[in-house]
Structure formats: C-alpha cells, structure tokens
Amino acid sequence: MPRRPAPTIRPLAPRAPRRRPDAPSGADLSRRLAAVRLGQGATGSPHPLTDHAANAALENYDRGVKDAFDRIVPVLKRLSALQHEDDFVERAQALAQAELGFSLPLPILEKAWVSQLDMRSLFAWCVFETYEQTSDGFFRDDPLHGQPGSAAAEDFNAFLLSCGFHLLDVTPCADGRLAHAIAFALRLPFSSVRRRPHAGALFDVENTVNRWVKTEHRRYREGVPNAAHEDTRYLKVVLYHFSSLDPSHEGCAAHGSDDALAASCGRQRLMEFQQAVENSFCCGASVDLLLLGIDTDTDAIRVHVPGMDGSTRLDQWLDAATVYEATRHLAPEEARRRIAELAEAAAASAPDPGMVRLIARLLEHNISQIDYVRQYHDGHYADAGHAERFIGVGIGFKEIHLRNLTYFAYMDTVEEGAPDMDVGVKIFKGLNVSRGLPVPVVVRFDYNGNVPGARERAVRHARRVQEAIENRYSDLFAQGLLHALLTVRDQERHAPAEAVGSTISLTTAGGH
C-alpha cells in the first residue's frame, strides 16, 4: 500500500489546496441535505446496508439503562406521599426493590417521622446505585459485544491494521450527546478504540504525546499490536459536533455553537499534536490525523477526508446523509463500492487508499445509525439539548456508551480540569438544581492492578478530587445540592467499577 514519505515539519497555518473538480464542497452538501436533516424522508424503506438486528439490540440496551435512571424521580415522588405512614419504611423498601432493584438507606428512611424525608440525599443515592448496576451489567453481559477478545473486536483490529493503522485514538467532545459516538454512531468495538472526551474535543497535546510514546514503546518491546518496523501509523481523530435543527443554540457550547470554529479548533489541535511528535522524535516519526463532525440531532457524521500528504480542508467534507441518499437504492455490494468512490473523491488531495477504506467503513456503519434514529426517534432526537443523568469526573468510564447519560470531565486534578467541570455543573444547574435536585458526580480513577500500591493511590487520588470539588462548589455542597460517589477500577481486568466512598453521610454498612 503506498504511503506518504517521511514527513517534514509543516507550519500550523491552514493551507488551502485547490479542490479537485469532482469533490463537492461542504457548503454544496449542506444545501443538498437541508431537507433530509430536518426530518424530511425520515420514513420509508431503510437502507440496504442497515444492520437491523444491531439496531434493535442497541435500542433495547439504551432504553433499559435510561429507564432505570428515569424511574428514580417518580419513585421518590411516591415515597414523599408515604413518608408519614406508620409502615413507611417497609413500604418504601418494597417500592424501591420493585421499581429500582435495590434497597434504600435505612438511616434516611427512619428519620422521616421526625423531619422531612431527605430527598436530595435519596436522589443522589439512587443515581449512584443505578450507575453501579449499569457498570456491573456492562462488564457482566457485554451488551455492546465489544469486549477485548470478542469476535467483533478481533475483526476490527485486523481491519484497522490492513488499512495501515495500528491504533485508533478518538477524542469526542465531552458533551453527553456524543457519549455514544463510538458504539452507536460509528459502530466500533469499544475495546478497539482509545477514547478520552474533552470539552470542545480540545484534547491535551502533551498527554496524548505520552500515550503515543507508550503505544510505540509497546510495539518495540512486545510487537503489540504489530512490530515496530511495520509501516503503520497511529491515527488520531477529533470528533466535533453541531446541530442541524438549532445550529445557533444547540451546537458545541465550548465553541459558542459555532460549527466552523469547532472544526477549525479541532484541526488545529490535531496539527499541534502531529507537530509535537515530529519535533520531538527522529526517523520520520509522525501520526495520521482525521477530523470528523457529528450532527447531534440525527447522528449523521461528516468526514473531512484527508489527502495522502496530510492536508485536511475545513470547507470540504463528505456527509453520511448524502452517502445514504446516494446509495439507498443500490444493492449492498454496489452501495459499498459507491461509498468508497465518494470517499476517494472527497479527499483534500491525492487520496490515501488505507484511509479511504477506513472512512468508507465508518460511513457504512453510520448508515445503520441514521436508520436507528429514523426508526426509534422519528428522524431526530427529541432531547436536542442536554439531558445527562450524572457528571463523570476523572479518568476511566469505559462502560459509558449511551447518549445523554453522562457529561464527562476528564482530569487528573480539579484545577486543571476546572473549565470542563464548570461546564458540567452549569448544565446540571439547569437540569437538576433548578428543580431542587442535587448534581450527582461520579469520581473515577482507573489503575493498573499489576503495579504495587496502584489501587491505594487511585483511592487517595479520588478523595483529593472529591475534596477539591467540595471546595470549588462549596455553596452547592452546603445545601445538599451536590453529591459525589468515589469509584476506582482495575483497568487490567474486565470488571466493573468499585465504590470506595461517597459524600452521602450514612451509618449503615454496605452501599456507598
């Protein structure tokens, strides 16, 4: 497979190569797709490449998990009406077990006869218990069929290598409307992708360089996933987002709902990472880059197809909704050939065959997701804005792959992650605090179980972050309007997160 020669250091100023005559501009595609994105054509026969069995399974999983969270408030409302009954504790526990699948903390229930039931603590407790159930079920049942060693993961890993890439590292925006991007929108096995969301998809360059070093070191020492001398690349992807239904208000908050700015900043961060690698390491060390966008209303992706020389154009992309319409009346194999042709034609310069193959696969996968949204959500999601159930803080959360379930704030310390955390708290002031409900925060730090003392250090780290959160949002914490669950997880084992503490003060054994 032809590859571009060892790279030279390129300036970070955007380039403007001449567009190929057969490559449509992003503006052209947007005009052609306006009606489709707004829901027109959401009904009718599905695409011949759509995986209907996978769509049904994903919908069942999504609905089951979210229903478990959404039952909490109705149950608590029923408890509120019962709190002064003589047999309140027994009836409350029976109701919780029947509707939520777990018992409630006795110290809170037993105080209801002398004071108002502490609904804020009960709400946070229920959110945390439901999160733990979700984590347990994810690792026990593998509902997404993407665990390490699964057939889906092994097949995709082999395909990725055949395209010329030994690792796929994706940074989506931390917005909860993108939490399902890997397993749903792109239909990739979660264990085959390195994922770390950041607000605005603006990943930390230095940390990403360190992860690149670890990946290359393992290739040299262990030959995993392939030998270091093989001509493959580390592929870094940024996934920004936009809204087709309300572009001025429901786009990326970190970029002021400015789609062009979100794409531009994403490309700039990718180029900074690439230049950091090229400047720091010899012998032609480099990475490949890919810029993707996703419409949070329809889940249709757009791909800024790069050229073999590494160029990426902001005003030129290939939209999955266009691909859908162009291939919906073709037989499956003919549709696949047409998708590859469209991807090749959309390249910013001479196309890279391996990159075209990968992009064609992503577009094909996204076609199933477009039909998923059309079938189960009438063409676009009803929750166009934020509807997350909790904030996830720290490093980890391999088990979270559902849209609008979690707002991610990835950080080592609250100080360095303050912008991400502040955005999350602002979102939940609207979602929860405005209704008198607390902001539920799950603090999570994964550790390497093969390293002596790693678990203890992760627990201490989680407690330091909890203290910093309490200090930063002391007004919310003092009013019972912010609660945190502390969890850790051994990243070397396929096992759920372990709860190691909570801000909910209880004297009962077990639970948080």
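Colleague: Happy to look at this predicted model with you. How close do the axes of helix H2 and helix H6 come, and at what angle do they cross?

Modeller: Two packed helices are described by the angle between their axes and by the distance between those axes. Here, the axes of H2 (residues 52-70) and H6 (residues 119-141) come within 9 Å, with a crossing of roughly 155°.

Colleague: What does that angle say about how H2 and H6 run relative to each other?

Modeller: Angles over 145 degrees count as roughly antiparallel, so H2 and H6 are roughly antiparallel to each other. Their crossing is right-handed.

Colleague: Which residues make the contact?

Modeller: From H2 come Tyr-61, Val-65, Ala-68 and Phe-69, and H6 supplies Val-127, Thr-130, Tyr-131, Thr-134 and Phe-138. By type, seven of the residues in this contact are nonpolar, two are polar and none is charged.

Colleague: Let's turn to the nonpolar cores. How many residues does the largest one have?

Modeller: That core has 83 residues, and Met-421, Val-441 and Ile-469 have the most contacts inside it. H6 gives the most to this core, with 10 residues. Leaving aside residues up to four places away in sequence, Ile-469 touches Val-393, Val-414, Met-421, Val-441, Val-443 and Leu-482. There is also a second, separate core of 47 residues, including Phe-156, Leu-239, Leu-318 and Ile-370.

How values were computed
Residues are numbered from 1 along each chain as its sequence is written. This is a predicted model: local features need pLDDT of at least 70, side-chain atom pairs count only at pLDDT 80 or more; totals for chains, interfaces and linings use all residues. Side-chain values use heavy atoms; hydrogens and water are left out. Axes are lines fitted to C-alpha atoms, for helices over the stretch in contact, and angles run from 0 to 180 degrees between N-to-C directions. Helices (H or I, at least four residues) and strands (E, at least two) are DSSP runs, numbered from the N terminus. Angles under 35 degrees count as roughly parallel, over 145 as roughly antiparallel, 65 to 115 as roughly perpendicular and the rest as oblique. A crossing is left-handed if the near helix is turned anticlockwise from the far one by less than a right angle, and right-handed if clockwise. Contact means heavy atoms within 4.5 Å. Ala, Val, Leu, Ile, Met, Phe, Trp, Tyr, Cys and Pro count as nonpolar, Asp, Glu, Lys and Arg as charged, and the others, Gly among them, as polar. A nonpolar core is a set of buried Ala, Val, Leu, Ile, Met, Phe, Trp, Tyr and Cys residues joined through side-chain atoms within 4.5 Å. Buried means under 20% relative accessible area, exposed over 50%, partly exposed in between (1.4 Å probe, protein chains only).
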